[in-house]
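Here is a walk through one structure, taken a piece at a time. Keep the model open as you read.

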Amino acid sequence: MEDRVKIGFLPTRRNVFSKEDALKYKNLTRNKIENYNIDIVGIEDINDEGLLSDNADDIKKVIYKFKNENVDAVFVPHCNFGTEDAVAKVAKEINKPLLLWGPRDEAPLDDGMRLRDTQCGLFATGKILRRFNVPFSYLVNSYLDDLSFDRGFKNFISVANVVKKFNSLKILQISTRPEGFWTMIYNEGELLERFGIQITPVTLKDVEQRTLSVEKEDGTELKTTIEFIKSKFDCNEVSDLNVKRVAAFKVALNRLIKEKDCSAVAIQCWTALQVSLGIMPCLVNGLLTDEGIPVTCETDVHGAISAVIAQAASMNSAVPFFADLTIRHPENENGELLFHCGNFPPSLCSNDDKPKFKHHFLFESHAPGTAEFEIKGGNISIVRFDGDHGEYSLLLGKAKGIKGPYTRGTYLWVEVNDWPMWEEKLVKGPYVHHCVGIHHDVIPVLYEACNFIPGLRPDPVDPSEQEIKEFLRGR
């Protein structure tokens, strides 16, 4: 099910310009945005006009209503010039993503009078928002049926969803990072202090005990999960006991996620888990990701953050996959292998054959619990949240699926615009060999979302920053 956001609809006018035309454009704009998949909180009950001007009591009432309704963002159409200080006062108190826009002005009347001067009002409001230290987005002064309005408003809806999910991030961390993976070091305190991201740690012993308890119960939830796994995967190479143990592990994780109220998981997938339970978690990671709870390998907390915001940017219409950037294509100079041992969501399988439930092909234990299949290609967005030395950035790039050699695990070969440029950025950092891919263009959304996440810098590699801005302008 796609996500929905709640938008505070705050049309504004200034008294010296046409009240009638302001009311006209308020209604036209409201009618337009009712066609989008959003919940709208208006201000018709605040005053007779349903427009914000310079009335101090109205400002207080709007602030109270939007806070009480817990809006996710605020949209401020300037239906004539607008009242910049009133808008700024509301925006400062609400502290949610803010979008400015105004309908393009008509030509002056025959007598030389102008009815609205909307564009001029946008200039004024932008300046006062800066004085109030309020971040905001804006759509170019345009007509309601312009491409720039449709594209920009849809983008803002998704931006609001990303900020909403980012600001409520709670990640279940299962055990520590694998000993040799120094790249997975992260600063838990800094994530909490700077971004409000909460980490809930549990030990592998906790997970082991819960898994064995589920297995011993042998209840309906476990049996249903076993049947589900058998319906989704070719299980001919593993035993029924293997399937049961992996299914019990999934049920145990599901219960933990709900109990701890987490939106993502970062798990130490090797090697202690194989000793304690005799399985790999990869297949379960993919199943949970398909169900809207991204799970990342090797205790990659930054990877889990990347997956959550990529999914949110798609409005939950696409499923992310967590991958290693692994090797270059043997023939394509701009080709690269996106791979992991077996954790990609099975819904992404590229053909009609069932994904295979396998034993791990590399580790000495050869424990069961991996999946093997190639995922579908097409256009992909690549995302990576990362940082070091107190600075955080968001790598953004586009790729497309291409043909390439067969390999084990879950994988997709992709082509980018200039792989040597990508490689240099990845090696020099602050990024690592992990990324998140998603079959959706989330780049303009995540680029704009950084505007509302203090301390996070967008770092687009392809398209360029200028190309993203031109896209949002409808060009």
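Contact here means heavy atoms within 4.5 Å. This is a predicted model.

Start with helix H2, residues 56–69, and helix H3, residues 84–94. On the H2 side, Ile 59, Val 62, Ile 63, Phe 66 and Lys 67 make the contact. They meet Ala 86, Lys 89, Val 90, Glu 93 and Ile 94 in H3. By class, the residues of this contact are seven nonpolar, three charged and no polar. How do the two axes lie? The axes of H2 and H3 are 10 Å apart, at an angle of about 30 degrees. That makes H2 roughly parallel to H3, because angles under 35 degrees count as such. The crossing of H2 and H3 is right-handed.

Next, the sheet. Four strands form an open sheet in the order S7-S6-S8-S9, and their pairing is parallel. S7 (198–202) and S9 (295–296) stand at the edges. Each has a single partner strand, so one side of each lacks a neighbour in the sheet. S6 (residues 170–174) pairs with S8 (residues 264–267) over four bridges, in the parallel sense. Ile 171 stands opposite Ala 264 in S8.

H5 spans residues 147–166 and H12 spans residues 301–313. Their axes come within 8 Å and cross at roughly 150 degrees. H5 and H12 are therefore roughly antiparallel to each other. Their crossing is right-handed. From H5, Ser 158, Asn 161, Val 162, Lys 165 and Phe 166 take part. They meet Ile 305, Val 308, Ile 309, Ala 312 and Ala 313 in H12. This contact has seven nonpolar, two polar and one charged residues.

Definitions and conventions:
Residues are numbered from 1 along each chain as its sequence is written. This is a predicted model: local features need pLDDT of at least 70, side-chain atom pairs count only at pLDDT 80 or more; totals for chains, interfaces and linings use all residues. Side-chain values use heavy atoms; hydrogens and water are left out. Axes are lines fitted to C-alpha atoms, for helices over the stretch in contact, and angles run from 0 to 180 degrees between N-to-C directions. Helices (H or I, at least four residues) and strands (E, at least two) are DSSP runs, numbered from the N terminus. Angles under 35 degrees count as roughly parallel, over 145 as roughly antiparallel, 65 to 115 as roughly perpendicular and the rest as oblique. A crossing is left-handed if the near helix is turned anticlockwise from the far one by less than a right angle, and right-handed if clockwise. Ala, Val, Leu, Ile, Met, Phe, Trp, Tyr, Cys and Pro count as nonpolar, Asp, Glu, Lys and Arg as charged, and the others, Gly among them, as polar. Two strands pair if DSSP finds at least two bridges between them.
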